[in-house]
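Subject: Structure handover

Hello,

Here is the structure for you to look at. My notes follow below it.

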Amino acid sequence: MPSTEAVIVDVVRTPSGRGKPDGELSDIHPADLLAGVLIELVARTGIDPAVIDDVIGGCVTQSGEQAANITRTAVLSAGFPESVPAVTIDRQCGSSQQAAAFAAQGVLSGVSDIVIACGVESMSRAPLGSNVGGASRGGALLHARYPEGLVGQGVSAELIAERWDISRAELDDFAAASHQRAAEAAASGAFEGELVAVPTPDSGSVIADETIRPGTTAEKLAALAPAFRTDELAARFPQLDWRITPGNSSPLTDGASAALIMSREAAARLGLRPRARFHSFAVAGSDPLFMLTGILPATQKLLDRSGVRFDEIDAYEVNEAFASVPLFWQREFDADPARLNPRGGAIALGHALGSSGTRLLGTLLNELEATGGRYGLQTMCEGGGTANATLIEVLR
């Protein structure tokens, strides 16, 4: 057993920005987006940045303006001392959730004392897939193992909907509910504690999520066409009736988020109140064709390791990359729908890929504190067939 605990002192995020052409965050360099939350995190907690042992950041499309270790660029842009190191990691959509796990594990091992876990993605300025450069994924060995070829995440979401018999109506109902929950949370001020205003080049600022559409209804979503069907894919997967649309998927999003993580002893030394501790972690792999199903073994592994019963968990954040993902997870674990993404999920709040892990962490923590909950579970499906799961415990 570790001699210390890894605790969360604070988590902040930018609003979720719509992608180009009308998103207010699309004109801001991603390093500046990330720098902004780093600046706010140290300002809110009053720590001297010089005491930070490391900054671990997640980013998926590490090309163009997000290349060359963007986390280090953001640390320097934030005015931190040059002595503060930084690294950028890629576990696809779970990159900053993994950053938080690495940060906490460094604290638990005694290697680090104070770490920032963070993430950023400007899907407007570094479009998804722009780092692939037109090359097919993998070489001869991968193609020999999967001779029919792998598929994109949208097709995987379709395969999940078909395998778990999730209807188009269920997908659209869930998506509409995500917007309704997020809109209600925003109107109540529930996000105010986690949001950081972002100055814009025209001397304005973005203070609220742009991706929430309060007027969304299942009836409106039902009019949208499937997003991922092609003649080639339809021939390969004749069993699919193509239910995944832009409306029941997460939108292209710009944003950044960051969490201050440290040992309980460091928090006491600095006079900071720990809000929660990291209880358990798990990662798992899954069939890359059904790549979004890794959240099942990751969650089960987490439960087995933690000793916490599923019915003891007060809220769960299951990333809404596509509506079929939280819905099949809910069915497999017979999860209480009221505890699942209670403030809305990525369909409404956006999925700024590298930022989503720490974004979900902050939203989960705030929900637990507001409702008196103790345990919160977060899990994230990831490209290529992996998944993260994290269990936190609120400290009072």
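In which helix is L302 found? L302 sits in helix α10, which covers residues 295-306. Keep in mind that this is a predicted model.

L302 is buried, as its relative accessible area is 0%. That is under the 20% cut-off for buried residues. Beyond its neighbours within four places in sequence, L302 contacts S280, F281, A282, L377, A389, T390 and L391. Take A282 from that list. A282 and L302 are 20 residues apart along the chain, with 5.2 Å between their C-alpha atoms.

Next, H351. This residue lies in a loop. The loop runs between α12 (346-349) and α13 (356-371). H351 is buried too, with a relative accessible area of 3%. Its side chain makes a polar contact of 2.6 Å with the side chain of S356. Leaving out residues up to four places away in sequence, H351 touches C93, M123, S250, P251, T253, N319, A321, A346 and S356.

Last, a helix pair. Helix α1 spans residues 30-45 and helix α2 spans residues 70-77. Their axes come within 8 Å and cross at roughly 60°. An angle between 35 and 65 degrees counts as oblique, so α1 and α2 are oblique to each other. Their crossing is right-handed. On the α1 side, the residues that meet α2 are P30, A31, D32, L34, A35 and L38. On the α2 side they are I70, T71, T73, A74, V75 and S77. By class, this contact has eight nonpolar, three polar and one charged residues.

Best wishes

Methods. Residues numbered from 1 in each chain as written. Predicted model: local features only at pLDDT ≥ 70, side-chain atom pairs only at ≥ 80, totals over all residues. Heavy atoms only, no water. Axes fitted to C-alpha atoms, helices over the stretch in contact; angles between N-to-C directions. Helix = DSSP H or I, 4+ residues; strand = E, 2+ residues; numbered from the N terminus. Parallel < 35°, antiparallel > 145°, perpendicular 65-115°, else oblique. Left-handed = near helix turned anticlockwise from the far one by under 90°. Contact = heavy atoms within 4.5 Å. Nonpolar A, V, L, I, M, F, W, Y, C, P; charged D, E, K, R; others polar. Buried < 20%, exposed > 50% of the residue type's maximum accessible area, 1.4 Å probe, protein only. Polar contact = N/O pair within 3.5 Å; in protein donor to acceptor, adjacent residues only side chain to side chain.
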